[in-house]
Amino acid sequence: MMQKIQRFGGAMITPVLLFAFSGIMLSFAILFQNEDIVGTIASDGTLWANMWKIVENAGWVVFNHMEILFVIGLPIGLAKKSAGRASLAAFVIYMTWNQNINTILNTWDFGINLAEVADTIGIKEIAGVATLDTNLVGALAMSGLVIWLHNRFYDTPLPEWLGVFSGTSFVVILGFILSIPLAFLTVWIWPSIQEFIYRLQGVMANSGTAGVGIYVFLERILIPTGLHHFIWQPFELGPAIVEGGVLNSWLENLGEIAAHTGSLREVFPEGGFGFHNVSKVFAPIGIGAAMIKTARPEKRQKAIALIVPTALTAILAGITEPFEFTFLFLAPQLFFIHALLAAGMSMTMYALGVAANIGGGLISNFSYFIIPMWNNHLDSILIFFGVGLAFSVIYYFIFNFAITKWDLKTPGREPENADVKMYSKQDYKNKKGETVTNPNQKKAIHFLEGLGGAENIAEVNNCVSRLRLKVNDASLVADDQYFKEGGAHGVVRKDNAIQIIVGLEVPKVRDFFDDLL
């Protein structure tokens, strides 16, 4: 069961990756239409304002069609075969279900007026169909249903005279039939679920600093399991704390928030639940400094060459897994301390009045937070950096002590004959004897051999940085060093479940891996 949940969480990252660029463009577009920030050039009707309005409306496409993105994106990671066809079926059945809800509400009196879709909370227009706003819950539920139908019935043989209805058509037929009772069920039970969500939002919004700390701690501590997606996504993209998600709410109200002269926490209290990325900017500074400080003198230069680029990637882009998984493998207790420090950092900022949707690195933070808030909320920006850098120092002393105390083999502290590398650049051999120049293809070939060959692979999936697999025989899988020599940052093993930490190139490695299979 845990493997299936992890696989589901990893598949959700496919549509999530689309939000980063759109969010940055949206924040800049809203910023550059604010006269208080850029002056009269942003007045209504100017060429400047009109061009940025185009950019803003284009940026909203991803956010306004979030449900459809998840409906289409989920099968890409979870369908066992013909993922493109599964995505097509998911979209058709999801829209059929919404159309059924629309027809039911227009035919019978459930006290819901779809004609007021623009002014009524709980109703939303999806791809031109006014329906109940089931948010990501409905999207994931219907997409999950279609994935199950696809995996179960896609290859079902039909009589020759019915062959035209086989494959994807058969999956859609089954989904079409099921969508009718499911639409009635949704109309009956969803208003009660929605009322519960609203009450939960109130509880979370009133949980204060402690609630923010618990949220951030759980999100960090669950990273090794892959279940952290189920913590942050309902808050940032879903309705757990505010309708539409913290990210969407922050961007929608960015101009008003930036113009507000009081505390950010006062005007946007939900912003504390956008703090799960805060530690990504500041933790690598302290951790990286501790690793360099504790490296052996003769290996320090090599350690610096490895750690500094990795730290900069984490600080600028928010990709922290090379750091987190390094000390997770070496000393799991340090990962627990990391989760506590991340929670403490977020709680301190929130307690001092900072509230915002914090991006996954400085690049997104400049557009989401720093530039828009510069005029009226410079104090919050200074608190953000002041508290963050103070915790960087705390990270440094704790990790410096732990690495020395337990003699952890962090980069630069390996045995004398071992090289200082998180991955190897050596050439790999192609099974067919062909010369392979693409580095991601080389990784795929190397990993497949280390996993015992194609016949030993039962399932393949990936998240943002890990190749997730289920093998038939775990004893055929090579040791961790083999995978590191092939370009992996590390390996997580649990019974027949294997996670190879690849980095941001994992989707490309996955494509080559699928080709080999």
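This briefing walks through the fold of one chain, from its overall make-up to a few individual residues.

The model is predicted: local features need pLDDT of at least 70, side-chain atom pairs count only at pLDDT 80 or more, and totals for chains, interfaces and linings use all residues. Residues are numbered from 1 along each chain as its sequence is written, and side-chain values use heavy atoms, with hydrogens and water left out.

**The chain as a whole**

- The chain has 23 helices and 6 strands; helices (H or I, at least four residues) and strands (E, at least two) are DSSP runs, numbered from the N terminus.
- Of the 517 residues in the chain, 52% are buried. Buried means under 20% relative accessible area, exposed means over 50%, and partly exposed lies in between (1.4 Å probe, protein chains only).
- Take the contacts between residues at least 6 apart in sequence: 73% of them join residues at least 24 apart. Contact means heavy atoms within 4.5 Å.

**Annotated transmembrane regions**

- An unreviewed UniProt entry places the feature "transmembrane region" at residues 12-32, 126-149, 161-190, 303-319, 325-343, 350-371 and 383-403. UniProt positions are given in the numbering used here, feature names are shortened, and annotations may be inferred rather than shown by experiment.
- In the model, residues 161-190 are 77% helix and 0% strand, and the end C-alpha atoms of that span lie 41 Å apart.
- Residues 303-319 are 88% helix and 0% strand, with 19 Å between the end C-alpha atoms.

**Helix H23 and what covers it**

- Helix H23 runs over residues 506-516, and its buried residues are Val-506, Val-509, Arg-510 and Phe-513.
- These residues sit on the same side of H23 because they cover an arc of only 105° around the axis. The arc is that of the directions from the helix axis to the C-beta atoms.
- Their cover includes helix H6 (66-78), helix H21 (439-450), strand S3 (457-462) and strand S4 (466-471).
- Asn-440 belongs to helix H21 and is buried, with a relative accessible area of 7%.
- Beyond its neighbours within four places in sequence, Asn-440 is in contact with Glu-505, Lys-508, Val-509 and Phe-512. Asn-440 and Lys-508 are 68 residues apart in sequence, yet their C-alpha atoms are 6.4 Å apart in space.

**Helices H5 and H6**

- Helix H5 (residues 47-64) packs with H6 at an angle of about 55°, and their axes are 5 Å apart. Axes are lines fitted to C-alpha atoms, for helices over the stretch in contact, and angles run from 0 to 180 degrees between N-to-C directions.
- The pair is therefore oblique: angles under 35 degrees count as roughly parallel, over 145 as roughly antiparallel, 65 to 115 as roughly perpendicular and the rest as oblique.
- H5 brings Val-62, Phe-63 and Asn-64 to the contact, and H6 brings Met-66, Glu-67 and Leu-69.
- By class, the H5 contact with H6 has 4 nonpolar, 1 polar and 1 charged residues. Ala, Val, Leu, Ile, Met, Phe, Trp, Tyr, Cys and Pro count as nonpolar, Asp, Glu, Lys and Arg as charged, and the others, Gly among them, as polar.

- Leu-362 is in helix H19 (residues 362-370), and at 16% relative accessibility Leu-362 counts as buried.
- Leaving aside neighbours within four places in sequence, Leu-362 is in contact with Val-281, Ile-315, Leu-316 and Phe-385.
- Pro-269 is in the loop between helix H14 (264-267) and helix H15 (278-294), and counts as partly exposed at 30% relative accessibility.
- With neighbours within four places in sequence set aside, Pro-269 is in contact with Leu-264 and Tyr-350.

- Asn-135 is not a glycine, but its phi is positive, near 55°. Asn-135 lies in helix H8 (residues 135-153) and is buried, with a relative accessible area of 7%.
- Asp-495 also has a positive phi, about 55°, although it is not a glycine. Asp-495 is in the loop between strand S5 (490-494) and strand S6 (497-501) and is exposed, with a relative accessible area of 61%.
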